[in-house]
Amino acid sequence: MSSSIIRSQEQHKVFVASSDDSKICVVMVGLPARGKSLIAGKAMRYLAWVGIPAKVFNVGTYRRSNTPQPQATFFDPHNEEGERMRRAAAEMAVTDMINWFHDDKSKGVVAILDATNSTKERRKWIYERCRDADIETLFVESICDDEELIMNNILEVKTDSPDYQGQDPELAALDFRKRILNYEKAYETIDDNEKHYTYVKLINVGSTVIINQIKDYLSSRLVYYIQNLHIKPRSIWLSRHGESEYNLTGKIGGDSNISERGEAYARALPDLLRKSGIPPNTKIVIWTSTLRRTIQTARHLKAETGFEKLEWKALDELDSGVCDGLTYEQIAEKYPDDFKARDDDKYNYRYRGGESYRDVVIRLEPIIMELERSENVIIVTHQAVLRCIYAYFMNVPQEKSPWMEVPLHTLIKLTPRAYGTQETRFKADIPAVSTWRGKGTSAKHQEFPADKEEKTH
Ligand code: F6P
């Protein structure tokens with residue numbers, strides 16, 4: 001399948017759409033506690049972010065409808081009743097998935113079948129069900145012998161899994177280990193007899209990757225994304241540049257210097273970062289755009305910490321085309337139809353001679369790939385770009401992301417966890433204007449009071 005840009009009738013709007021109707025079922029494979037759900041969840045978030053309709057079908061969730069809290073013996077391959085119930089859950093999930101693909105309303109392109117799918121027989125059955133329904137399969141096997149990674153997963157399961165809710169965490173961990181042993185009895189890794197399948201084998205999440213028979217563009221994009229993932233603990237910090245001269249006058253775009261208060265924020269940033277909590281001996285790479293205001297904001301941070309710094313063109317602010325250098329009021333006056341069109345569909349509206357939020361997401365894709373490969377990074381960038389990056393990590397829908405408030409002089413710390421991303425905000429005690437504009441208003445940039453309050457979500 002290939003991707004193409006289709007220009008709609010409406011001026012300045014473009015949509016990325018698939019040029020054919022291929023459908024892909026990503027079939028997760030592997031023993032419990034090998035990070036399958038983490039990979040499935042991340043792939044799902046990535047696809048939603050790039051605008052590809054995707055859904056995870058978790059067989060465990062179906063199984064819980066008839067066996068909510070099974071003991072390890074339920075998963076013994078010699079337990080006939082257990083086998084029957086597990087097979088029934090897989091049936092339900094696959095049937096729902098096929099219906100989802102064929103339901104005109106869902107417009108499904110990628111389904112992720114999250115289960116162990118750990119026998120050849122099970123994989124053959126899924127492959128044939130999909131083939132008969134005109135759905136491509138992409139098997140993703142996660143193999144892991146790193147005890148630390150497995151332990152981390154077991155720890156998360158014993159506290160977070162609905163299978164063990166309300167149970168003693170230590171007994172839960174013990175039972176879960178027995179469950180893994182039961183799965184090991186029947187587990188068959190994908191091997192040469194399955195060479196006719198499209199598959200990727202991930203060994204210790206990202207350290208070794210084996211790829212077989214990738215046939216289409218979307219699958220190769222997905223595989224490229226998955227092979228960049230790692231699960232080492234790390235954080236990503238996001239900050240807008242310090243208040244700029246353009247911010248003070250309410251103008252958008254441009255390449256102005258930071259204001260006096262912006263400079264104060266730049267000086268405060270190293271301390272703010274330290275206070276946000278950095279484990280000892282942690283190296284953080286500083287990323288900025290190529291525009292003056294972000295480079296100036298990161299200047300003291302670089303000088304004080306000696307951290308490596310990279311400038312990315314892809315992190316430059318959304319290009320506002322002919323509106324660059326105007327205030328929102330001037331845009332509303334000069335281009336009233338455009339101003340309204342942007343309010344009506346801010347994500348898709350493309351400035352004359354400039355960009356839309358959708359365009360920014362497309363140019364940020366390599367940044368996201370690089371971020372997934374990297375460990376600790378602080379990104380100093382701009383309002384629209386920061387909204388797009390934040391939306392990726394926090395799974396914010398496209399219609400909401402362009403309207404999010406991301407105040408100046410605030411450091412956002414994001415820490416990925418197995419089932420989502422933890423966010424903490426740190427405000428510097430340095431006032432700045434607010435550049436946020438509500439729908440239907442042409443508000444001037446307002447003075448925004450500083451406060452030191454920290455917010456955790
Ligand atoms: O006002 C600051 C700014 O970074 C502008 O340069 C940019 O055009 C704007 O924010 C993006 O925000 P919005 O999409 O809400 O107009």
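The residues around the ligand are I252, G253, E317, L318, S320, H382, Q383, A384, P402, T435 and R437.

Residues are numbered from 1 along each chain as its sequence is written.

Now the sheet. Six strands form an open sheet with mixed pairing, in the order β4-β5-β3-β6-β7-β8. Its edge strands are β4 (54-58) and β8 (208-212), and each pairs on one side only. On average, neighbouring strands are turned by 15° against each other, direction ignored. Strands (E, at least two residues) and helices (H or I, at least four) are DSSP runs, numbered from the N terminus. Two strands pair if DSSP finds at least two bridges between them. Strands of a sheet pair through backbone hydrogen bonds, either parallel or antiparallel.

| Strands | Sense and bridges | A bridge pair |
|---|---|---|
| β4 and β5 (110-114) | parallel, five bridges | K55 and A111 |
| β3 and β6 | parallel, six bridges | I24 and E136 |
| β6 and β7 (199-203) | parallel, five bridges | F139 and Y199 |

Helix α1 (residues 36-49) packs on the sheet. The helix touches β3 (24-29), β4, β5 and β6 (136-143), and its direction makes about 165° with that of β5. Contact means C-beta atoms, placed from the backbone, within 7 Å. Axes are lines fitted to C-alpha atoms, for helices over the stretch in contact, and angles run from 0 to 180 degrees between N-to-C directions.

Strand β6 is largely enclosed by the rest of the structure, because six of its eight residues are buried. Buried means 20 or more other C-beta atoms within 10 Å of a residue's own, with C-beta atoms placed from the backbone.

How far can the model be trusted? pLDDT is the predictor's confidence in each residue, from 0 to 100. The protein chain has a mean pLDDT of 91, and 92% of its residues reach 70 or more. Over residues 1-19, pLDDT stays under 50, and the model has 36 contacts beyond four places in sequence for them. Over residues 450-457 the pLDDT is also below 50. Where pLDDT is low, the predicted coordinates should not be read in detail.

Key
This is a predicted model: local features need pLDDT of at least 70, side-chain atom pairs count only at pLDDT 80 or more; totals for chains, interfaces and linings use all residues. Two residues are in contact if their C-beta atoms, placed from the backbone, lie within 7 Å. A residue is near a molecule or strand if its C-beta atom, placed from the backbone, lies within 6 Å of it. A residue is buried if 20 or more other C-beta atoms lie within 10 Å of its own, exposed if 12 or fewer, and partly exposed in between; C-beta atoms are placed from the backbone.
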